[in-house]
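Reader: I'm new to reading protein models. Could you walk me through one, feature by feature?

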Amino acid sequence: MAWHRATSCLGRLRGWLGQVPPAPGDGLWIVPCRAVHTVGMSWPIDVVFVDRRGRVLRIVSALRPGRAACCWRAWGVLELAAGEAARLGWRQGIRVSRRRGSTPMRSGP
């Protein structure tokens with residue numbers, strides 16, 4: 001996985017907005033975060049809510065544009081291309097980790 005970080009207030013608010021759709025293997029790590037929305041997006045995403053240790057609390061598969069999802073127990077969120085969580089075999093209770101050296105968000109066209 002190639003992680004992109006969104007840790008500033010503006011970065012967390014913006015997420016994938018104004019970016020190119022995530023490719024398989026790309027993910028956006030948003031911390032701290034307990035809720036996300038897809039208002040203004042034109043593609044669905046997988047949303048993975050995690051605790052501080054990276055344990056998956058909830059997975060919302062293919063969250064469509066114009067929707068929202070939350071998990072009040074979450075510390076952070078991983079946003080992936082739709083279908084990526086299933087492709088990776090992720091499920092509630094497993095631990096995921098963000099490798100060191102994440103890259104900044106890439107710009108849209």
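Predicted model: local features only at pLDDT ≥ 70, side-chain atom pairs only at ≥ 80, totals over all residues.

Reader: Is Leu57 buried or exposed?

Author: Anything under 20% relative accessible area counts as buried. Leu57 comes in at 5%, so it is buried.

Reader: Phe49 was in that list. Which residues stand opposite Phe49 in S5 and in S7?

Author: For a strand with partners, check each partner in turn. In S5, Phe49 faces Arg58, and in S7 it faces Val77. S4 and S5 pair in the antiparallel sense over 5 bridges. S4 and S7 (residues 76-81) also run antiparallel, joined by 6 bridges.

Reader: Why is S4 described as largely enclosed by the rest of the structure?

Author: Count the buried residues in the strand. In S4, 6 of the 6 are buried, so the rest of the structure largely encloses it. Now look at which way they point: Ile45, Val47 and Phe49 go one way, while Asp46, Val48 and Val50 go the other, and all are buried.

Reader: How many residues are in the largest nonpolar core?

Author: That core has 17 residues, and those with the most contacts inside it include Val47, Phe49, Val60 and Val77. Strands S2, S4 and S5 each supply at least two of its residues. A second, separate core has 11 residues, among them Val31, Val56, Leu78 and Ala85.

Reader: Where is there a cis peptide bond?

Author: First, the background: most residues other than glycine have a negative phi, and most peptide bonds are trans. Here a cis bond joins Val31 and Pro32, with omega about -15 degrees. Pro32 sits in the loop between S2 and strand S3.

Reader: And what is the phi of Ala62?

Author: Its phi is near 50 degrees, a positive value in a residue other than glycine. Ala62 lies in strand S5 and, with a relative accessible area of 35%, is partly exposed.

How values were computed: Residues numbered from 1 in each chain as written. Heavy atoms only, no water. Core = buried A, V, L, I, M, F, W, Y, C linked by side-chain atoms within 4.5 Å. Buried < 20%, exposed > 50% of the residue type's maximum accessible area, 1.4 Å probe, protein only. Helix = DSSP H or I, 4+ residues; strand = E, 2+ residues; numbered from the N terminus. Pairing = 2+ DSSP bridges.
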